[in-house]
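Subject: Structure handover

Hi,

Here is the structure I promised to pass on. Please open it first, then read the notes below.

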Amino acid sequence: VNKRLTPVEKIEQSEPYRFFLSTVHGIQDNYNQTNAISLKEILSVEHGQLTRSAQFNYMFDIEFLLEQYPSEFRLKPLLIVHGDSRDDNHSLKTQCSPYPQIELCPARLDIPFGTHHTKMMFLLYETGLRIVIHTANLISQDWRQKTQGIWISPICPKTNDTRESKTNFKKDLLDYIEQYRTRQLQFWQKTINEHDFSSINVHIISSTPGRHTGANINKFGHLKLRQTLKNYLNLENNEQYYSAPIIGQFSSIGSLGPNANSWLTKEFLTSLKQLNTNSFDSPELKLIYPTVENVRTSFEGYIAGGSLPYNMQTAMKQTWLINYLHRWKADHRQRSRASPHIKTYLRVTNDQYKNLLWFLVTSANLSKAAWGVLEKNNTQLMIRSYEIGVLFIPKQFSQTIFPLFDSSSFPIPYDLPPVKYESTDKPWIVDMTYKNQPDSHGNMWDPH
Ligand SMILES: CNc1ccc(C(=O)O)c(C(=O)O)c1
């Protein structure tokens, strides 16, 4: 019989990784119990007496969001951190006008085409501060039948000394917030400083808009990932890992250039393949992005494709990408039909896919805007968007690798090894018409 776990029990049972997928309407209950949690459960009154919170995100449905808070917390101060694009902001202002307890904080977006993509919660309880870093917009569609990733910190107690984590989490989080350069975040900067982060075992990998150079060049984007892997992957005899496959999985793709060598392999893969010493050959890079068939047969049907905004104009410039692409398949989590909005990057130890070297869950899609592109002879990293994610490294869990198939195994979101696109498979493209086969609801897709 399936015992329904309380939100607190779910978090206790997720130790030490504290990494969840969102619950999915329409799958067997036990696949929504283990390492799976809903927004209401994240905000449950069970975790303690909430005094105030902050929600960083891209899309907001304020009515939906307030509904997810327990009724006794709906009037607590709530800071909404969003992209400052004028029009969206208007609708957000309108949405928030009935709620004096909600404050709007527009994030500066000085570089064109940047987005405030970061999805993060600060939850301040009487007992301490909880950080949640995830991949879901604050709209009902994102939490109903998709695959989203969520990391939930312990409730960090108040402290009268700094108490940093062994992963530099507090400093990296404060460096990230500093980049907003707004007084509206001062309360949270002060609050973060006053809490004890020593129980946190993940690293922050974030992006902020700017041209990062000099001492700041490794602070954000794919160079932060490169630096963190170099500094913390303390593997013996690296050679055995030189050809260990690397996987990228995401819900949108940017313009990557005329061939793989333009940015994907020369720059991005160089960061992903970093070991604690330099490795010289190029491991296989496998990319997971939904096929048209994945979308058509998903629980949502073609509508799921509205959240996979890979457009024709970009796709037609990079047909070379198809050779890297693999299907979305998550049978072991009963989520092959729960369209992925999660973004993850991982490296296995070898082509047997039995163990992980590291795992990253993040808001960052496969794009230069999110990860950054080197400019001026590799002296500056230009990033357009705000992104944030958490990196799991075995050493921080007193392990040498993360096992995938035993009792303490890491809860990966999809099936490994990934399944390559067949000749008939096409990547989902949001602005194409799909009329020759109805989706799981009997509908067609005609974006025009
Ligand atoms: C241009 N705006 C977006 C593009 C992609 C995504 C995604 O996550 O795939 C999101 C989002 O859902 O935050 C926004």
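With which side chain does the side chain of S307 make a polar contact? The partner is the side chain of K146, at 3.2 Å. Bear in mind that this is a predicted model.

S307 sits in the loop that runs between α10 (292-296) and α11 (312-315). Its relative accessible area is 15%. The cut-off for buried is under 20%, so S307 counts as buried. S307 is also one of the residues that surround the ligand.

**Ligand site**

The ligand takes up the space of the largest pocket.

- K119: an N or O atom of its side chain is 2.5 Å from an oxygen atom of the ligand.
- K343: a polar side-chain atom lies 2.7 Å from a ligand oxygen atom.
- Y58: a polar side-chain atom lies 3.1 Å from a nitrogen atom of the ligand.

On its own, the ligand has 350 Å² of accessible area, and the protein covers 77% of that.

**Enclosed helices**

Take α6 first, residues 169-178. Eight of its ten residues are buried, so the rest of the structure largely encloses this helix. The buried ones are F169, K170, D172, L173, L174, D175, Y176 and I177. Note that K170, D172 and D175 are on that list.

Then α9, residues 264-272. Here seven of the nine residues are buried, so α9 too is largely enclosed by the rest of the structure. The buried positions are L264, T265, E267, F268, L269, S271 and L272. E267 is among them.

**Backbone points to check**

Some background for this part: most peptide bonds are trans, and most residues other than glycine have a negative phi. The model has exceptions to both, listed here.

Where are the cis bonds? One joins E15 and P16, with omega about 0°. P16 belongs to the loop between α1 (7-13) and β1 (19-22). Another runs from L416 to P417, with omega near -10°. P417 falls in the segment after β21 (402-403).

Now the positive phi values. N377 is not a glycine, yet its phi is positive, near 60°. N377 lies in the loop between β18 (373-375) and β19 (380-383). Is N377 buried or exposed? Its relative accessibility is 72%. Exposed means over 50%, so N377 counts as exposed.

S398 also has a positive phi, near 55°, and is a residue other than glycine. S398 is in the loop between β20 (387-392) and β21. With a relative accessibility of 71%, S398 counts as exposed.

**Where to start**

I would begin at the ligand, with K119, K343 and Y58. From there, go to S307 and its contact with K146. Then view the enclosed helices α6 and α9. Leave the cis bonds at E15–P16 and L416–P417 for the end, along with the positive phi values of N377 and S398.

Best wishes

How values were computed
Residues are numbered from 1 along each chain as its sequence is written. This is a predicted model: local features need pLDDT of at least 70, side-chain atom pairs count only at pLDDT 80 or more; totals for chains, interfaces and linings use all residues. Side-chain values use heavy atoms; hydrogens and water are left out. Buried means under 20% relative accessible area, exposed over 50%, partly exposed in between (1.4 Å probe, protein chains only). Helices (H or I, at least four residues) and strands (E, at least two) are DSSP runs, numbered from the N terminus. A residue is near a molecule or strand if one of its heavy atoms lies within 4 Å of it. A polar contact is a pair of N or O atoms within 3.5 Å; within protein, one must be able to donate a hydrogen and the other to accept it, and residues adjacent in sequence count only if both atoms are side-chain atoms. Accessible areas come from the Shrake-Rupley method with a 1.4 Å probe; for residues, only the protein chains shown count as cover. On a 1 Å grid over the protein atoms alone, a cavity is a set of points where a 1.4 Å probe fits but cannot get out, and a pocket is an open set with protein on both sides within 12 Å along at least five of seven lines; lining residues have an atom within 4 Å of a point. A molecule sits in a cavity or pocket if more than half of its atoms lie within 2 Å of its grid points.
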